[in-house]
Protein chains: 2
Amino acid sequence: MGGSTPVVQLLLTGNEIMSGDTIDSNSALIAQRLGALDIGVHRKVTVGDDPALLQTELAAMAASSDIVIVNGGLGPTIDDLTAEILAGVAQVPLVEHAEAIAHLERWCAQRNLALNAANRKQALLPQGAGLIDNPVGSAVGFEMQVGRCRIMCTPGVPSELDAMMELIISDLAGALEHPVERRIMRLQTFGLGESTAQQIISDAMPDWPEEVELGFRAGAPQMEIKLSISTASAEPAQRACREQLDALFGDHIIGEGDCTLAEKIIALLRAQGATLATAESCTGGLIASMLTRVPGSSDVFHAGFVTYADHIKASVLGVQPATLEEHGAVSEAVVIEMAKGALERATADYAIAVSGVAGPGGGSPQKPVGTVWLAWASQHAGPTQVHTRCLHWPVERSLFQTMIAAAGLDMIRRTLLGIDSEPRYFRQRRVG
Amino acid sequence: MGGSTPVVQLLLTGNEIMSGDTIDSNSALIAQRLGALDIGVHRKVTVGDDPALLQTELAAMAASSDIVIVNGGLGPTIDDLTAEILAGVAQVPLVEHAEAIAHLERWCAQRNLALNAANRKQALLPQGAGLIDNPVGSAVGFEMQVGRCRIMCTPGVPSELDAMMELIISDLAGALEHPVERRIMRLQTFGLGESTAQQIISDAMPDWPEEVELGFRAGAPQMEIKLSISTASAEPAQRACREQLDALFGDHIIGEGDCTLAEKIIALLRAQGATLATAESCTGGLIASMLTRVPGSSDVFHAGFVTYADHIKASVLGVQPATLEEHGAVSEAVVIEMAKGALERATADYAIAVSGVAGPGGGSPQKPVGTVWLAWASQHAGPTQVHTRCLHWPVERSLFQTMIAAAGLDMIRRTLLGIDSEPRYFRQRRVG
């Protein structure tokens with residue numbers, strides 16, 4: 001591959017991508033991984049499951065690139081054509097690979113499945129191809145050299161592609177003469193919008209250093225801020241930027257890397273030897289689900305209550321029927337009793353309670369769709385304390401549930417960290 | 001354009017798409033809109049903001065297509081190159097378009113903005129280009145004929161593209177001699193793998209009709225089967241295929257269109273006037289969350305219990321400490337008591353209970369990671385009935401939670417529908 005940066009092209013296949021039924025996120029994943037080595041993607045081409053078109057395209061790409069990464073078409077069905085196409089371009093026959101059969105047999109055996117004819121098809125690969133290991137799925141990755149181009153064929157299932165890209169990247173890094181390890185510092189935040197963050201940074205830091213590239217990746221519920229550098233000499237500047245970002249919106253920063261709100265909370269609770277309980281109405285179990293996705297969460301999360309109906313709020317959490325009657329289910333009085341009930345019934349140290357109008361139905365002039373009351377309570381090493389807030393977050397139902405569940409978790413995170421200041425999204429979305 | 005279907009290619013531009021910072025959903029939107037006219041996208045190419053590369057690509061596409069849709073690069077900044085590129089390919093100069101200036105002036109006036117130099121750049125278009133109206137934004141869409149190819153340039157902002165595509169589609173529909181409406185029947189299934197389904201269909205239906213295109217879209221937890229036809233005359237064949245699929249694995253088919261397991265259950269419960277409760281351990285609230293994502297679920301889902309710790313299973317659901325002691329939390333005896341406790345405490349008609357080892361920790365030789373007990377109970381119009389099953393589903397934690405939550409919902413769906421037969425995934429994954 002020599003010392004200079006290789007020319008890389010991507011070939012993406014699949015009728016479901018061409019028809020728009022599936023949005024391709026795989027090519028973004030591949031590009032991001034290559035970006036970490038400072039290798040850009042020169043061009044990408046997407047075509048459907050059409051053998052003639054695929055073969056013409058792959059042959060043309062191979063003639064004009066150092067590396068072609070093919071994504072998709074590795075599956076067991078008749079419209080999975082990648083092995084056949086590569087064999088055509090390399091002018092070799094398809095043969096059954098013993099190593100691929102062994103991989104498929106292992107995969108099936110772990111799942112108590114029998115290897116069927118459709119699975120066996122996945123082991124038919126171009127003669128001379130090498131395998132790329134797939135640690136998480138059945139699809140067989142493979143690669144071969146055609147002329148001066150290295151062609152790598154990867155699976156369309158995102159988790160399988162992800163695992164395989166790790167291997168490909170470490171392999172490519174080894175082959176580069178002067179590997180640039182792009183150093184990317186990623187900060188996870190909650191409660192900041194991309195354009196707001198950009199504006200605040202531009203205003204506060206007009207002299208942002210050129211060697212630190214600033215990037216944002218908006219997601220729901222979290223937003224990532226990225227600080228990238230290409231040489232080790234820029235590390236002090238990167239650290240200085242990080243410190244300035246901490247000063248600008250430190251309490252909105254959850255952590256570095258892939259850290260989620262739930263992971264952070266589980267770690268903080270474990271460090272305190274404390275437990276958390278949830279009492280959910282409008283989020284319907286999502287807060288509990290976000291917490292329990294984290295391995296080991298059972299140490300600190302023992303109980304969650306999804307009290308969707310009023311009579312369940314009363315019978316399960318001990319909310320007084322009179323409180324429900326007088327204030328309605330979406331009220332400060334009710335979320336306080338929900339939080340206290342959760343604390344007591346779970347004998348937990350912390351609790352979060354939410355009750356709101358997720359929509360599309362159920363709104364009223366006083367409590368329109370998007371209205372929600374949150375209460376967070378603590379009785380860890382002290383008397384019971386309860387705080388509340390009413391927000392108005394009028395977005396589509398499932399985004400509302402996601403953002404409110406995250407806001408609830410964020411209140412617990414702030415409580416555990418002893419952060420007193422009001423988050424930005426409270427100021428923007430608070431009611432009253 | 002004549003009577004036959006035009007060859008359409010897409011050219012997508014933008015460094016942010018090439019780097020993977022932005023996931024391209026615009027090409028899916030364009031493809032779906034064209035699909036409604038039965039016009040497929042032949043090929044799409046994505047390149048960064050590189051003038052030479054863009055011009056080579058556009059010239060090659062124009063020479064081999066009836067229509068090229070260019071997306072992106074219409075904005076006011078220096079890396080917005082589309083007008084310049086098209087002028088290069090068409091070999092005409094860039095000139096200021098009076099109509100485009102008028103559009104920009106109107107847009108600015110509505111927002112009390114002054115027309116600045118950056119905005120004015122957006123009115124510099126290839127000589128001879130016609131405008132495509134943008135009802136929602138400032139970007140100026142334009143098109144021109146180059147040789148036998150019609151080149152249409154559209155904005156990268158999704159909402160502006162969306163509005164512009166409406167105009168483009170109605171224009172294209174008028175130009176087609178025999179406009180066709182492609183008829184796609186989509187079936188949602190649970191518990192079938194893509195390769196298994198393909199194999200079963202190939203074995204059972206060797207004479208699959210050519211005019212019905214069969215497609216699969218694997219997802220977690222559901223898999224979609226698609227039957228597409230291009231002419232109304234193929235409708236009887238499509239119906240016949242649907243009937244054969246029903247006979248082959250009808251009880252695995254949840255419904256048509258976008259139907260989810262949770263939506264189907266909510267609809268069935270509502271029709272019966274019945275309610276459902278959940279008692280979750282290893283799925284940690286995910287079943288409740290899937291149910292409550294559905295608007296109106298509060299009518300039939302009143303309560304969910306996330307009983308992650310043993311003492312909570314006892315205190316909240318009434319599981320006997322002796323049962324936990326004797327059988328362990330992941331056991332048939334415990335899920336039966338959990339299901340009965342949920343029925344009783346929620347005064348519900350149906351309940352689902354799950355307890356398993358989600359991993360990565362917590363496994364043992366007797367109960368390895370991936371082991372799970374399910375119990376589903378009913379007391380609707382009759383005495384309490386409880387059924388159980390133990391499965392072994394050894395996949396990564398969050399996929400395990402997703403699949404087990406869906407399996408739990410599927411048991412309720414089958415109970416509500418009175419389906420007696422054992423689902424395929426039970427046969428494959430059952431323990432004992």
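## Report on a predicted two-chain model

B:P360 is found in the loop between β15 (350–356) and β16 (371–378) of chain B. Helices and strands here are DSSP runs, numbered from the N terminus, with at least four residues of type H or I for a helix and at least two of type E for a strand. The model is predicted, and a local feature is reported only at pLDDT of at least 70 and a side-chain atom pair only at pLDDT 80 or more, whereas totals for chains, interfaces and linings use all residues. Residues are numbered from 1 along each chain as its sequence is written, while chains are lettered from A and ligands numbered from 1 in the order in which they are written.

**Backbone features**

The bond joining B:G359 and B:P360 is a cis peptide bond, with omega about 0°. In chain A, the peptide bond from A:G359 to A:P360 is also cis, with omega near 0°, and A:P360 is placed in the loop between β15 (350–356) and β16 (371–378) of chain A. Most peptide bonds are trans, and most residues other than glycine have a negative phi.

A:T347 lies in the loop between α14 (332–345) and β15 of chain A, and B:Q91 in the loop between α4 (82–90) and β4 (94–96) of chain B. The last column uses C-beta atoms placed from the backbone: a residue is buried if 20 or more others lie within 10 Å of its own, exposed if 12 or fewer, and partly exposed in between.

| Residue | Phi | Other C-beta atoms within 10 Å |
|---|---|---|
| A:T347 | about 40° | 15, partly exposed |
| B:Q91 | near 55° | 9, exposed |

**Chain A**

Chain A has 16 helices and 17 strands. Its C-alpha trace spans about 80 × 60 × 45 Å along the principal axes. Of the 432 residues in chain A, 47% are buried.

One residue of this chain, A:G191, lies in the loop between β9 (183–190) and α8 (194–204). Because A:G191 has 22 C-beta neighbours inside 10 Å, it counts as buried. Leaving aside residues up to four places away in sequence, A:G191 touches A:H252, A:D410, A:P423, A:R424 and A:Y425; contact requires C-beta atoms, placed from the backbone, within 7 Å. A:G191 and A:F426 are 235 residues apart in sequence, yet their C-alpha atoms are 8.7 Å apart.

**The contact between the chains**

Chain B contributes 59 residues to the contact and chain A 64 residues. On the side of chain B that touches chain A, the largest share, seven residues, comes from strand β14 (residues 301–307) of chain B. Strand β14 (residues 301–307) of chain A pairs with β14(B) in the antiparallel sense over five bridges, where pairing requires at least two DSSP bridges. Within this pairing, A:V306 has B:G304 of β14(B) as its bridge partner.

Technical notes. Contact = placed C-beta atoms within 7 Å.
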